[in-house]
Amino acid sequence: MKEQIRDKAGLIILCLTLTAIAVLPFFYLGEVRGGGCCGGAMPVTHDGAMHLNQMQGFWRGLTSGRIYPRWDDLTHSGFGAPLTSFYPPGVYYLTSLLFAFLRDWQRVQISVNLILFALSGFVVYLYARQRMGGVSSLLVMAIYIIAPYHLLNLYQRGALAEQSGFIWMPLILLFADRLMEISPALLNKKTMLNMAGLSACFGAWLWTHPPTAYQMVLVFGLALLIYSGAAALMRKPDEPNIRGLMSIIVALVFGTLPAAAYFYPAIFERNLVNSDDIEISWPYHASYVFDYDQKIYDRINDRFFVRIDRIWALNLAILLLAGLVVYLFRHRLKSESLKRGAWIWFLAGGLATFLMTRPSSFIGRLIPGIESGVFSWRMLTITSMTSALLAGLCFEISRKSMEKESGSIRLAGFVASIVIMAGTLVAGYQLVAQPTYRVEAFRPRPDHFNFATLPKEVPRVVPTIERASLISGKGIVGVEIWQPEYRKIVVNMESIGQLQIRTSYFAGWAAMIDGQISQIRTGNLNEILINAPVGSHVIELNFKTTPVRMAGNILSCASIGFLIIFVLFVKRRDR
């Protein structure tokens, strides 16, 4: 017992230490221009300002009493937008929880990244530990935490929501592997619990970043199907596990339901916003690595894309090196579970590597919805994990050979794993950390907005106007309550007039005058206009659900409740 406690404590300490080494320097590498030298501030990133605005807007919505805030009232010069109806809100629940205690957004950003990195290291250790020894799994954890693309997401992209994928991917694979390992009895206790775990993790990933979730399911799904088909042709015993495959599919389909409140409205109401702006501005098929023929991105002079290409090349080199070691010493892989894992990792790594290249475009154009990933190189999340797992596999071969006293195998596996670790460290420093040193310090940008989430009729540029004012008639206007999704305005009209409210109209906004439903009109800016009759009146605006959002809310609540009751029932059944 004491030894187990010591091992767990060592794991936690190592994971937290690696996380601190990976994360904390980022917040001190930037430099305030004209205000000193040698760093000391958080540097500017691609999405840092966007995420700060969105986490602050989400906090305002929560504190106004909304369980799922959908409307950001300050974005787009205060006209607002249904931002978190179309941008996944999952990570903002975490940032809001942290802000409730820390009361400082800088500390929130440090804390949330420490949490995301630490959890990613811990769960990938759990996944690797199913098939490897403790030391090999620790190596996987270390490489995964410091993987160059993992660091790039923080240091240069500021891709907060995408970082969560480094947590959900190993967890999904962990539960999926357990389902593939289970005996033919489909409805035993372990099967049901693992299906529930897989559904919950997939649903959580959809809440936080659906594009990478889709890429992961696509790549690992194809890898699993290829492996199962090959196993069937080779007539391997107990392969393919059809019931295991069906359990995974059912769990993933059910996993869309907990995220239905976000996921389904984001799909079925996307025609109400400028969702096509993403595909126009960042076309998926122009994002392939080393693609110098496309004209959208400058892959020669823009150092970010040079780094992306080099990280892709690094992961390819790791795939080839590990493949050579495993092929030469494949007879040392005695465990069927480890063999299956190795096949899946190589297949997934190879598929993801290929799908990030221009020659894969003829396949990519046949895959429905692949453009939702926005950037093909987001699959570096997948190759970062397979690289870490393959490094652990090489070390595991070395460890197994030590028991058999085979010097050449031990040396080859050990050297390969050390080379991968060293290459990861050097690439992380040269491609990510060093270029970030003394770059411009981060500054909040309240004027930043996401055009893709604006209602379609809203112009990109809008003037600065008052929250509520009369554009016709005579009277007095006063704003009593202004919350993200509710406004209460008092008017005292001397003559019939029209009230202009600084809120972009979108499906769900409803108006009432003195408790009676009133018609909403729109102006040239698609702002809300309401006819105000003579006299003193109370005008209210409330952002309500639409049928699609209501259906999504019901499905989310029902499925989450079902998962909780289901797990409790299964656990109690065998007591």
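Trainee: How do the residues lining the largest cavity divide into nonpolar, polar and charged?
Mentor: In this predicted model, that lining has 8 nonpolar and 8 polar residues, and no charged ones.

Trainee: And what volume does the largest cavity have?
Mentor: About 130 Å³. Its lining is made up of 16 residues, and the closest to the centre are Met42, Gln109, Asn113, Gly158 and Leu160.

Trainee: Which helices supply at least two residues each to that lining?
Mentor: Those are α2, α5 (105-129), α7 (148-157) and α8.

Trainee: How many cavities of 30 Å³ or more does the structure hold?
Mentor: There are 5 of them.

Trainee: How much space lies in the second largest pocket?
Mentor: About 640 Å³. It is lined by 29 residues, with Val217, Phe220, Gly221, Ile248 and Leu252 the closest to its centre. Two or more lining residues come from each of α9, α10, α11, α12 (242-255) and α16 (336-355).

Trainee: You mentioned α9. Is it mostly covered or mostly exposed?
Mentor: Mostly covered: 15 of the 17 residues in α9 are buried.

Trainee: What span should α9 have, and how far apart are its ends?
Mentor: The helix runs over residues 165-181, and at 1.5 Å a residue its 17 residues should span 24 Å. The C-alpha atoms at its ends are 24 Å apart, so the two agree.

Trainee: Switching to α10. Where is Leu193 found?
Mentor: Leu193 sits in helix α10, which covers residues 189-208.

Trainee: Is Leu193 buried, partly exposed or exposed?
Mentor: Partly exposed, because its relative accessible area is 21% and buried means under 20%.

Trainee: What is Leu193 in contact with, leaving aside neighbours within four places in sequence?
Mentor: Val567, Val570 and Lys571.

Trainee: How far is Leu193 from Val432?
Mentor: Their C-alpha atoms are separated by 40 Å, and the two residues are 239 apart along the chain.

Trainee: Last topic, strands. In what order do the 4 strands of the open sheet come?
Mentor: The order is β1-β4-β8-β7, with antiparallel pairing. β1 (468-472) and β7 (521-522) are the edge strands, each pairing on one side only.

Trainee: How many bridges are there between β1 and β4?
Mentor: They pair over 4 bridges, in the antiparallel sense, and β4 takes in residues 497-504.

Trainee: Which residue of β4 stands opposite Leu470?
Mentor: Leu499 does.

Methods
Residues are numbered from 1 along each chain as its sequence is written. This is a predicted model: local features need pLDDT of at least 70, side-chain atom pairs count only at pLDDT 80 or more; totals for chains, interfaces and linings use all residues. Side-chain values use heavy atoms; hydrogens and water are left out. The expected span of a helix is 1.5 Å times one less than its number of residues. Buried means under 20% relative accessible area, exposed over 50%, partly exposed in between (1.4 Å probe, protein chains only). Two strands pair if DSSP finds at least two bridges between them. Contact means heavy atoms within 4.5 Å. On a 1 Å grid over the protein atoms alone, a cavity is a set of points where a 1.4 Å probe fits but cannot get out, and a pocket is an open set with protein on both sides within 12 Å along at least five of seven lines; lining residues have an atom within 4 Å of a point. Grid points are joined across faces, edges and corners, and a volume is the space filled by probe spheres set on the points. Ala, Val, Leu, Ile, Met, Phe, Trp, Tyr, Cys and Pro count as nonpolar, Asp, Glu, Lys and Arg as charged, and the others, Gly among them, as polar.
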